[in-house]
Amino acid sequence: MSKKKRISLIVSLVLIAAIGVGATLALLSTKTNSLTNRFASTAVIEADILETDITDPEKTTSTGNNYDLEPGQSATKDPFVRLAKDSVKSYVYINVTGLDDLKGQIDTDIETVIGAGTWIKVSKEDTLDGIYRYFTTVEPGEDANGNAIPVDTKSLFTKITYSINNHGGEDFSENDIVLTGLAIQANNVKPADADTIANDANSWK
């Protein structure tokens, strides 16, 4: 092959390669938009534990009552949980301490209420003290205009009685009855799983 033909062939190959590169660079392409996913929840649970204020029976108290009773005398003590109007459907619990220390001296009708099935003992100790779950899930109600309103559970017990066997003047100041409420979401949660959470001491801190 003559030098002139070789040069012509090389030039032709270079042109073919250049065309090939140009064709590759000319392919159509596009970039899509990006999807950004952010996660949040506006769901809330708000609840209070309340009882009748013995100094003004038309009102409730969120701090408790101080009782001054004669032997054999009873007074209203009706602790219940109020679920706020914006709350999701919930399992509701009350944790009670102090009843066992006072049994036979300061009595309540808690055993009658428990026997009626309104509250269910979910902690394992065989005592009056412990954790109780309301017999059904609780969710806010609606007024006549369809607006959400708070809803109350029934009382865990209804009265407290200073035993007739006492002599008056006993100092029970070291043996307060303390009640604390807890609400746990009910949607997507089984009762047994909610009970496990309620039995975790960290849930009450």
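## Strand pairing around strand 12

Ala-75 stands opposite Ile-160 in strand 12 of this predicted model. Strand 3 (residues 74–76) and strand 12 are joined in the antiparallel sense by three bridges; two strands pair if DSSP finds at least two bridges between them. Strand 6 (residues 106–108) also pairs with strand 12 in the antiparallel sense over three bridges, and Ile-106 stands opposite Tyr-162 there. Strands (E, at least two residues) and helices (H or I, at least four) are DSSP runs, numbered from the N terminus.

## Nonpolar cores

A nonpolar core is a set of buried Ala, Val, Leu, Ile, Met, Phe, Trp, Tyr and Cys residues joined through side-chain atoms within 4.5 Å. The largest has 26 residues, of which Ile-94, Trp-119, Leu-156 and Leu-179 touch the most other members. Elements that each supply at least two residues include strand 4 (80–83), helix 3 (110–115), strand 12 (159–162) and strand 13 (178–185). Strand 5 gives the most, three residues. Another core of 11 residues lies apart from this one, with Val-122, Leu-182, Val-189 and Ala-198 among them.

Beyond four places in sequence, the contacts (heavy atoms within 4.5 Å) of Leu-179 include Ile-49, Pro-79, Ile-94 and Leu-156.

## Thr-153

Thr-153 is found in the loop between strand 11 (151–152) and strand 12. Its relative accessible area is 7%, so Thr-153 is buried (under 20%; exposed is over 50%, partly exposed in between; 1.4 Å probe, protein chains only). Leaving aside neighbours within four places in sequence, Thr-153 is in contact with Phe-80, Val-81, Val-92, Trp-119, Tyr-134 and Val-138.

## Basis of the values

Residues are numbered from 1 along each chain as its sequence is written, and side-chain values use heavy atoms, leaving out hydrogens and water. In this predicted model, local features need pLDDT of at least 70 and side-chain atom pairs count only at pLDDT 80 or more, while totals for chains, interfaces and linings use all residues.
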